[in-house]
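Hi everyone, thanks for coming. Let me put the model up on the screen, and then we can walk through it together.

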Amino acid sequence: MKTSINLKDFFNSLSTALDFTYSGLSGHHRRVAYMAVMLAKKLRLPDERIRTLYMSSIIHDIGAITMRERNLLAQLEIEDPFTHSEMGYRMVKNIQFLEPMSHIIKSHHDSWRGGNPSGLRGNEIPLESRIINAVDRLDVLLNKNAAYILEQSEEAISRLSVLAGRIIDPDIFAELSELASAESFWLDLDYQFLPDLLEKLLAGYDFYVKDDMLSDDLLFDVSSLFARVIDSKSVFTHKHSRLVAAVAAKLSLVSGLSQEDADKMLMAGLLHDLGKLSVPEEILEKPGKLSPEEFRIIKKHTYYTYRILDNIPGFDEINRWASFHHEKLDGSGYPFRLNGENIPTGSRIMAVSDVFSALTEDRPYRMGLPRQRVVEILGNMSPEGLDPQVVKNLVNNYDLFEALPKRLDPLTPE
Ligand SMILES: [Fe+2]
Ligand SMILES: [Fe+2]
Ligand SMILES: [Fe+2]
């Protein structure tokens, strides 16, 4: 695919999807990453460690997949902090390049005093994990809705001091309270300024992967990682994104696209439902018909996929192919109401791949539909919605596509 992508931009953007909560975007990962890097710079950590710390902190709660789980992490003393830490560790450790991050994520709630599943205590806990733990707890203490953050600062630090020496490293706490004595530290946490501030804070660090091949592998691996997060959100969709990706890549080839474009379609397929992380799982899993209000919430997902991928330089085409998958040729789709020629071929292929995958997947309440039904439904959805030529390309090569779901490995990130 030959892409030279800045990993910072890539992680930054994808992590936005992890910040969706019932009340909207929380900004939690971004604030934690900002505070973690500020602390690491104060502690004079070497550049390489700051890079790894940044990428770990910006996705540290990746193992907390549902909004229900993420809600529970907002308490100061979390009842079970280790399930999502272990889950995150297992998800990340299989990606060779990210392996150093996995141990940081695994221990990001390890108590200073010990008693952790990792068996570590005190200084044995990775320094990066101790940093994340401290700033993560501080972030939880803040009332983000309050307009006057400075009024909370003293109380937040005094409440955090109760955890020092017990849950968080007392030395890190001391360094953090020194940082926090400056008003600017608190004012920086304003969501509006954070993206720019992070950009400036990390300006001197090189987040490019030099080797093109390695860079492509890594983009693919991290996209697969997010695909797993998206798909794990609901039992209905346990391998949907990966199936859509496989179908889209194959359908691109039989539709005459180049291998390079098919590789891009694979990435686009993995990420096409990224915005679904903004939809509460209660709605995704609702057994009956959706209310108009619920359907409006579902409709936001492709918009969010678009906005999130839009922040990754060099991803324009992948973004269009991924995010326009609910647009329809007659202009009645969503969220941009594109029509006809305004919908690129890649997006048309993605739309067909999405419908095909949804119909052939086994769901808890029904098995995947047989070929005859699938062909009939795809036929009924074109030419107003789906591109008839793309549908034809799939139907004429049905055997190729029928075999795909069985080849996907199970979801458990082992
Ligand atoms: Fe956490
Ligand atoms: Fe979708
Ligand atoms: Fe989808």
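Before I count anything, a word on contacts: two residues are in contact if their C-beta atoms, placed from the backbone, lie within 7 Å. And please keep in mind that this is a predicted model.

Let's begin with the domains. How many residues of domain 1 are in contact with domain 2? There are 17, and they touch 20 residues of domain 2.

On the domain 1 side, two elements give two or more residues each: helix H1, at 7-16, and helix H4, at 67-72. H1 makes the largest contribution to that side, with 5 residues.

Now for a pair of helices, H18, residues 345-360, and H20, residues 388-396. Their axes come within 9 Å and cross at roughly 50°. That angle is why we call H18 oblique to H20. The crossing of these two helices is right-handed.

Which residues of H18 and H20 meet there? From H18 we have Arg348, Ile349, Val352 and Phe356, and from H20 we have Val390, Val391 and Leu394. Sorted by type, the residues of the contact of H18 with H20 are 6 nonpolar, no polar and 1 charged. Arg348 is one of the residues that H18 brings to this contact.

That's my tour, so over to you for questions.

Technical notes
Residues are numbered from 1 along each chain as its sequence is written. Chains are lettered from A and ligands numbered from 1 in the order in which they are written. This is a predicted model: local features need pLDDT of at least 70, side-chain atom pairs count only at pLDDT 80 or more; totals for chains, interfaces and linings use all residues. Axes are lines fitted to C-alpha atoms, for helices over the stretch in contact, and angles run from 0 to 180 degrees between N-to-C directions. Helices (H or I, at least four residues) and strands (E, at least two) are DSSP runs, numbered from the N terminus. Angles under 35 degrees count as roughly parallel, over 145 as roughly antiparallel, 65 to 115 as roughly perpendicular and the rest as oblique. A crossing is left-handed if the near helix is turned anticlockwise from the far one by less than a right angle, and right-handed if clockwise. Ala, Val, Leu, Ile, Met, Phe, Trp, Tyr, Cys and Pro count as nonpolar, Asp, Glu, Lys and Arg as charged, and the others, Gly among them, as polar.
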